[in-house]
Amino acid sequence: MKILGLCGSLRSGSLNAAVLRSAAELTLPPRELTVDPGLDRLPFFNADVEQNALPGIVAGLRAAVGAADGLLIVTPEYAHGTSGVLKNALEWLVGGGEIADKPVALASASPAVTGGDRARAWLAETLAVMGARVLPQDLRIPQATLKIADGRVTDAPTREALSGLLDDLARAAAEARENDGTYAS
Ligand SMILES: Cc1cc2nc3c(=O)[nH]c(=O)nc-3n(C[C@H](O)[C@H](O)[C@H](O)COP(=O)(O)O)c2cc1C
């Protein structure tokens, strides 16, 4: 069971990157969660480049998404939307089609009491248009500076909720594999 984690923040002290780090630590065999660290190296989406000379890093991202059983996307909220970094990555993924039918779980952490709700709503709409199976369950982490410290989620209920979301994602991924006939274990 391969889960690919994508984080929309590039900040070294990112609250959202901390959520993804904790998610990776909470994921135990036979599940594995790997984080794509390359979103900041993607060029800005350009349909001419996509058509004429697809950059290797884009092909790599598409392959990683294609090989994953599910995605965990963790987003900051910037100006009531997701980050440009994440939007750019999704634009590159539209043409590849690898995200179609892929189970995707969303999480967001914000210092605000709204917990990144608008960023997740924005992302869910975009991913639905791309044909992803966005889980109805998600994770909002409001007042995240009180719940995250030293690059990890420290708040026990939030860690439990994150574990629950990972279980939901694994279940959805297993179901998707069963439905397309490739479930092997
Ligand atoms: C340009 C900018 C816009 C922001 N807009 C919002 C917003 O609309 N809603 C919100 O809850 N937080 C907003 N914030 C605060 C971010 O949620 C906060 O900086 C958060 O820590 C970013 O995520 P990160 O810690 O993973 O980098 C904004 C921050 C910046 C720098």
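## Packing of α4 and α5

In this predicted model, helix α4 (residues 84-96) packs with helix α5 (residues 117-129) at an angle of about 5°, their axes lying 11 Å apart. That angle makes α4 roughly parallel to α5, a description that applies to angles under 35 degrees. The axes are lines fitted to C-alpha atoms over the stretch in contact, with angles running from 0 to 180 degrees between N-to-C directions.

On the α4 side, Leu 86, Lys 87 and Leu 90 meet Trp 122, Leu 123, Thr 126 and Leu 127 of α5, contact meaning heavy atoms within 4.5 Å. The residues of this contact divide into 5 nonpolar, 1 polar and 1 charged.

## Helix α3 and its buried side

Helix α3 (residues 56-67) has 12 residues and reaches 16 Å from its first C-alpha to its last, close to the 16 Å expected at 1.5 Å a residue. Its buried residues are Val 58, Leu 61, Arg 62 and Val 65, where buried means under 20% relative accessible area with a 1.4 Å probe. They cover an arc of only 95° around the axis and therefore lie on the same side of α3. These buried residues pack against β1 (2-7), α2 (47-52), β3 (70-75) and α4.

## Gly 95

Gly 95 lies in helix α4 and, at 53% relative accessibility, counts as exposed, the term for values over 50%. Leaving aside neighbours within four places in sequence, Gly 95 is in contact with Glu 50 and Arg 62.

## Basis of the values

Residues are numbered from 1 along each chain, and side-chain values use heavy atoms, without hydrogens and water. Local features need pLDDT of at least 70, and side-chain atom pairs count only at pLDDT 80 or more, whereas totals for chains, interfaces and linings use all residues.

How values were computed. Helices (H or I, at least four residues) and strands (E, at least two) are DSSP runs, numbered from the N terminus. Angles under 35 degrees count as roughly parallel, over 145 as roughly antiparallel, 65 to 115 as roughly perpendicular and the rest as oblique. Ala, Val, Leu, Ile, Met, Phe, Trp, Tyr, Cys and Pro count as nonpolar, Asp, Glu, Lys and Arg as charged, and the others, Gly among them, as polar. The expected span of a helix is 1.5 Å times one less than its number of residues. The arc is that of the directions from the helix axis to the C-beta atoms.
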